Structure formats: C-alpha cells, structure tokens
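User: I am new to this structure. Please take me through one part of it closely, then show me what lies around that part.

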Amino acid sequence: MYAAYHLAGGASLKMKMKLGAAMADPGIIMIGGAGTSLGVIPCTTTSFANAYGLALDEGVYSATQGDAEGLVTVDVRPDLVIGALMTAGATEGTALTILQTTSASAGGTTITDADTGSADMDGGIVWGLSGNNVGLSRGITAHTGSTSIVVTVPFPRAIATTDEYLFAPWNIAGTGAAGADGPAAVQTSTLFTQADASIAAATGGEASVVELILKGRSDSFVLFKLRDHVHDSAALAS
Amino acid sequence: MGAYSRLNIVPKYKKLGEGFTREEIFWSQVHPGRRTDGSQPRAGWLDDLVQLKKCIILCSYCRVNFNPRKHHYRKFYCADITGITDGTATNGRCDSCKEMTVNCGGGTSFVHEETYNLVCRDPMDARRRAKAQARAVSAWQMIQKTRRKH
C-alpha cells in the first residue's frame, strides 16, 4: 500500500514508533498492540481497529536483551488516504476476474456470468474493460450468487456477449446499510499489502473508501481512509 | 455503629495507571530518537538508520548535511492536493537534531530505493514509465517498421 495524499492537504506527519510484534513488509497498516505486544503491530486482514497509520519502512522486532529495539516509521495523520492495489483473492498479484455476459442485455443493466462468484457484491462497482461500455462504471444494486450482477442506472449501450467487465466490492458512495455498504470496509491480502477484491462488500477492516482508480485487471486501485484511527474518533479509555 | 470502614476513592482517569486515552497510549509508543547523553552522535544514529534502510526525517537545517544519493535514498513523495507544498514536505521529529521539523523551517523525509515503489506513487516516475512503455514495441511491430522502410 502507498501513501496517496491527505484529505486536508499539507505535509505528512511521521513518527518513529516502537514495534510490538514482527512485521514483514513496508506499506502495511499498523494498529495498536496490547499486553506483551505493546507498541504498534501489523493489522489483521479483517481489522484496522485502533489504527496508527501506514508503515513506511520495515522494522525488526526482538524481545532479546542486547538486540536493537524494533522501530517503524508511521505516517500518523488520521486523514491519510491509503492506496491499495486490487487483487482477486488473498494472494498478492492475482488479476481481477473478467465478466462476459452469457446473454446480451439490451437495456444495459444485467451481466449474466457464473464468474460473479458467491461473495455478495451488492453495493460494489462494475466497470467496462472492453466493448460497448469501455471506461464506464456503475454501482451494483443486485447480485445473485454465481449468476448475475444488476445495475439500476443502465450502461448507455447494450451489454454484448463479447464485452468484458471487471467488478469490485467497493464504492465511493453509500450509507453503510446493506446494499449501500461499498465504502465501509477493505480487506487486505495475506501479506497486508494489497486489497482483496474477491470478498463481499462491507467485509474487512474499518475503512472509508475515498476514491477508486478503475483501470485493468492488474492496475486498479482502491483509495481509502482509516475509520478507526487513534486520533480520529472519541478517545476511549483503556 | 458497626465496624470502622474506610472508603478509598481512586479516580479512574489519569491516576494510578487507569484510564489512559488512546492518544496517551500513542505518545507513549513514540520512540524518543537518538540518545543525547553523548553515546550516540548524530552521524552515528543516521548511519544506523541508513544501514537498516529506515525512513529518515530531517529538518531544513540538518537536511543539507545528508546526501541521499550516496546512500541510495530518495525523497519521499505524497501528493498535496492543496498545492501548498510540492509533495515532498514531511513533518515529524528530526532524526538528527531531535527538534520537531515544524519549528525548523519544515522537514523532508527520505526512503530507501528498495522501499520507494512500495510506499510512494511519484507522478514523474509514472510519467517516465508510461513514456518508456509507449516507446517499447513488440517484435511484430519492429518487423513492420523495418518492412515499411524498405
């Protein structure tokens, strides 16, 4: 993941934080540790609770006397917008799944393809990769598992069987309620460096999607802000 | 009246280790920087950070003493949507003098080359890559170009 920008603009604010657990890669979200893991620790794939920010380098954690204390540099501004490459699964670098409708939709609303998968994409986004509606995107308003995706606002041209579409469970608008929960969460890949686009909408760590960069199968990004940042919400007593 | 009893009232917040806010816990985990008792000179501390390929934050006064190219470092870039800074400004505690960079004319941070593409998206870099990709041709296109010349 990378530091894209800050919502309020200006310079980033970086702090060197003490590590509470081992970390493998730079560019991962750091959260607060507790107990014997006091310090900052890598997030989990499904939770960014008590987030401190984005790690900008690697640290080596050690609990051995004589070893150097593990440190990691973190951008701690709560309005940091983090960019993550979309991957179609828990494994990093998996290309997004292409949809090709098996029956043409003259009204431009339905993509019928078993590759839509079982994860609920209602509230997410679908965009044209090639064909009649290349470069256009629409919010997903209905998803039938492994069968079809439906959009309420039609694509301007018919969806042909030769068209290719990509889809993701995120959206930049929504209330958080079921069917409008695209902006609510981001789940990371196994190594915490990319965003898993194969999971159901509103699944994953606490995030607020700010922007979507919708390009190809291996170069589309989701940009989000951490929703449960230590400086961002009502301070909670320990 | 009954047995003598003593009521101990212990305030929950900011006393006896109870009720620390998340922000207080945050500041307790910030590393204090290099030691200033004489055992850790500035150059030695920076050298340690460079060996570990850590992000280095320097204020405007200390910045001039650091040569990023020599250590394979680059300026960290994060876009400023207000346009007030050029995207390379960073604030924090200077790794050399330990002052907050906001009080020292602003700061700059540097990341190691190996880390740069993992945490930054520099538009100049993206432009260079796009131009290189546009210039690159496939074997078929090269053959067609050669055929047209003759």
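Analyst: Start with strand β2 of chain A, residues 12–18. In the lining of the largest cavity, β2(A) gives the most, with three residues. Keep in mind that this is a predicted model.

How many cavities of 30 Å³ or more does a search of the whole structure find? The search finds one. About 100 Å³ of space lies inside the largest cavity. Its lining has 13 residues. Closest to the centre are Lys16(A), His31(B), Gly33(B), Arg93(B) and Asp95(B). Lys16(A) comes from chain A, while His31(B), Gly33(B), Arg93(B) and Asp95(B) come from chain B. By class, the cavity lining splits into six charged, five nonpolar and two polar residues.

Now follow β2(A) to its partner. Which strand of chain B is joined to β2(A) by three bridges? That strand is β3(B), residues 89–92. β2(A) and β3(B) run parallel. Look for Leu13(A): its bridge partner in β3(B) is Asn91(B).

β3(B) also pairs within chain B. Two bridges join β3(B) to β4(B), residues 107–112. Here the strands run antiparallel. Find Ala89(B), which stands opposite Thr108(B) in β4(B).

Step back to the contact between the chains. Chain A brings 44 residues to the contact, and chain B brings 41. The two chains bury about 3,500 Å² between them. Carbon and sulfur atoms give 62% of that area. Which three residues supply more than any others of the area that chain B buries against chain A? They are Arg22(B), Phe26(B) and Gln29(B), with 24%.

Next come the open spaces. The largest pocket holds about 620 Å³ of space. It is lined by 28 residues. Nearest its centre are Tyr2(A), Phe221(A), Asn117(B), Leu118(B) and Arg121(B). Four elements each supply at least two lining residues: β1 (2–6) and β7 (80–87) of chain A, and α4 (113–119) and α5 (123–135) of chain B. Of the elements, β1(A) gives the most, with four residues. The lining of the largest pocket has 17 nonpolar, five polar and six charged residues.

The second largest pocket has a volume of about 350 Å³. Its lining counts 16 residues. Closest to the centre are Ala68(A), Glu69(A), Gly70(A), Leu71(A) and Leu52(B). Helix α2 of chain B, residues 42–51, supplies the largest share of this lining, three residues. The lining of the second largest pocket has six nonpolar, five polar and five charged residues.

One more stop, in chain A. An open sheet of three strands has the order β10-β9-β13, with antiparallel pairing. Its edge strands are β10(A), 137–139, and β13(A), 164–168, and each pairs on one side only. From one strand to the next, the twist averages 25 degrees. β9(A), residues 125–130, is joined to β10(A) by three bridges. Trp127(A) stands opposite Ser137(A) in β10(A).

Return to β2(A) to tie the first stops together. This strand gives three residues to the cavity lining, and three bridges join β2(A) to β3(B).

Methods: Residues numbered from 1 in each chain as written. Chains lettered and ligands numbered in written order. Predicted model: local features only at pLDDT ≥ 70, side-chain atom pairs only at ≥ 80, totals over all residues. Heavy atoms only, no water. Pairing = 2+ DSSP bridges. Axes fitted to C-alpha atoms, helices over the stretch in contact; angles between N-to-C directions. 1 Å grid on protein atoms, 1.4 Å probe; cavity = no way out; pocket = protein on both sides within 12 Å on 5 of 7 lines; lining within 4 Å. Points joined across faces, edges and corners; volume = space filled by probe spheres on them. Nonpolar A, V, L, I, M, F, W, Y, C, P; charged D, E, K, R; others polar. Contact = heavy atoms within 4.5 Å. Buried area = accessible area lost by both parts, 1.4 Å probe.
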